[in-house]
Amino acid sequence: MANNIEIKDLLDAGVHFGHLTRKWNPNMAPYIYMERNGIHVINLYKTAAKIEEANEALKKIVASGKKVLFVATKKQAKEVVAAAAASVKMPYITERWPGGMLTNFVTIRKAVKKMSSIDRMKKDGTFDTLSKREKLHVERMREKLEKNLGSIADMSKLPGALFVVDTLKEHIAVKEAQKLNIPIFAMVDTNSDPREVDYVIPSNDDASKSIEKILSYVTEAINEGLAGKTAEAPAETSENKEAEAAE
């Protein structure tokens, strides 16, 4: 993984572009290379090192069977993040963050179950017995639930980690994860506070090209973790069989 991160690729994707110097967060100073035309430039060597560090941790989390919840509700990140998360079969939130998504997970799960029950109604014919008005109400409810929670329908328990694009924008998600001690991985721009994140990836979190480049490394690491998890399964089965034979 380490050898796959090319500084030139990060440069070409504009990962190094930070915010205006007057908008900076002083805690990002260790990750800033220089100032040019009133804009901070991120040190891409440090970005590459932090990607490697984050990816090693992500691989372990995924290999242990836990999910990584991707969070990005800003316009330029939505589609990129949704596609990246879906490619590795991980849950994601790209619409408004539902308050209590993590801290009140039981309630969120009830809403997801409500969505499933509506689907069952359509399959078993119950939906057809409703009046036109009731059908319209149920359909609207289903659409709203799908929009906000459809991407986490298969997330039956709290995620093992959060991957966030823009911690300022997603501050509610960050606070909820902090309360529950869920590790936070994030693309952190020069205007954000890296102290709120467990695994900081200093990078431009405003350009879709930059976001896509960082996510390409992250999803590669998650795939490696998933492959490791799959590889372990036959070995465990074999050990179980040997134990049963011994008994």
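This report walks through a predicted model of one protein, from its overall make-up to a few single residues.

## Ground rules

Residues are numbered from 1 along each chain as its sequence is written, and side-chain values use heavy atoms, with hydrogens and water left out. Because the model is predicted, local features need pLDDT of at least 70 and side-chain atom pairs count only at pLDDT 80 or more, while totals for chains, interfaces and linings use all residues.

## The protein as a whole

The protein has seven helices and eight strands. Both are DSSP runs numbered from the N terminus: helices are H or I with at least four residues, and strands are E with at least two. Along its principal axes, the C-alpha trace spans about 65 × 60 × 30 Å.

Of the 247 residues, 44% count as buried. Here buried means under 20% relative accessible area, exposed means over 50%, and partly exposed lies in between (1.4 Å probe, protein chains only). The accessible surface comes to about 13,400 Å², and 50% of it belongs to carbon and sulfur atoms; such areas come from the Shrake-Rupley method with a 1.4 Å probe, and for residues only the protein chains shown count as cover. Among contacts (heavy atoms within 4.5 Å) with a separation of 6 or more, 64% are between residues 24 or more positions apart.

## The five-stranded sheet

Let us start with the parallel sheet. Five strands form an open sheet in the order β5-β4-β6-β7-β8, with parallel pairing; two strands pair if DSSP finds at least two bridges between them. The edge strands are β5 (92–93) and β8 (199–202), each pairing on one side only. Inside the sheet, β6 and β7 are joined in the parallel sense by four bridges, and Leu 162 stands opposite Ile 184 in β7.

Helices pack on this sheet too. α2 touches β4, β6, β7 and β8, and its direction makes about 145° with that of β8. α6 touches β4, β6 and β7, at about 150° to the direction of β7. For these angles, axes are lines fitted to C-alpha atoms, for helices over the stretch in contact, and angles run from 0 to 180 degrees between N-to-C directions.

In α6 (residues 171–179), Ala 173, Val 174, Glu 176 and Ala 177 are buried. They lie on the same side of the helix, because they cover an arc of only 165° around the axis; the arc is that of the directions from the helix axis to the C-beta atoms. What covers the buried residues of α6 includes β4 (68–71), β6 (161–165) and β7 (184–188). Just after the helix, Asn 181 takes a positive phi of about 55°.

## The three-stranded sheet

A second open sheet has three strands in the order β1-β3-β2, with antiparallel pairing. β1 (17–20) and β2 (32–36) stand at the edges with a single partner strand each, so one side of each has no neighbour in the sheet. From one strand to the next, the twist averages 30°. β1 and β3 (residues 39–42) pair over two bridges, and Phe 17 stands opposite Val 41 in β3.

Leu 20 sits in β1. Its relative accessibility is 33%, so Leu 20 counts as partly exposed. Not counting residues up to four places away in sequence, Leu 20 touches Gly 38 and Ile 39.

## Nonpolar cores

In soluble globular proteins, nonpolar side chains tend to be buried together. A nonpolar core is a set of buried Ala, Val, Leu, Ile, Met, Phe, Trp, Tyr and Cys residues joined through side-chain atoms within 4.5 Å. The largest one has 34 residues, of which Leu 10, Val 68, Phe 70, Phe 163 and Ile 214 touch the most other members. Elements giving two or more residues to this core are α2 (44–63), β4, α3 (75–87), β6, β7 and α7 (208–246). α2 gives the most, with eight residues. Apart from this core lies another, of 28 residues, among them Leu 69, Val 174, Ile 184 and Val 197.

Leaving aside neighbours within four places in sequence, Leu 10 is in contact with residues including Ile 5, Leu 44, Ile 51, Ile 214 and Tyr 217.

## A residue in α7

Ser 208 is found in helix α7. At 36% relative accessibility, Ser 208 counts as partly exposed. Ser 208 and Ala 13 are 195 residues apart along the chain, with their C-alpha atoms separated by 8.9 Å. Residues up to four places away in sequence aside, Ser 208 touches Gln 76 and Val 80.
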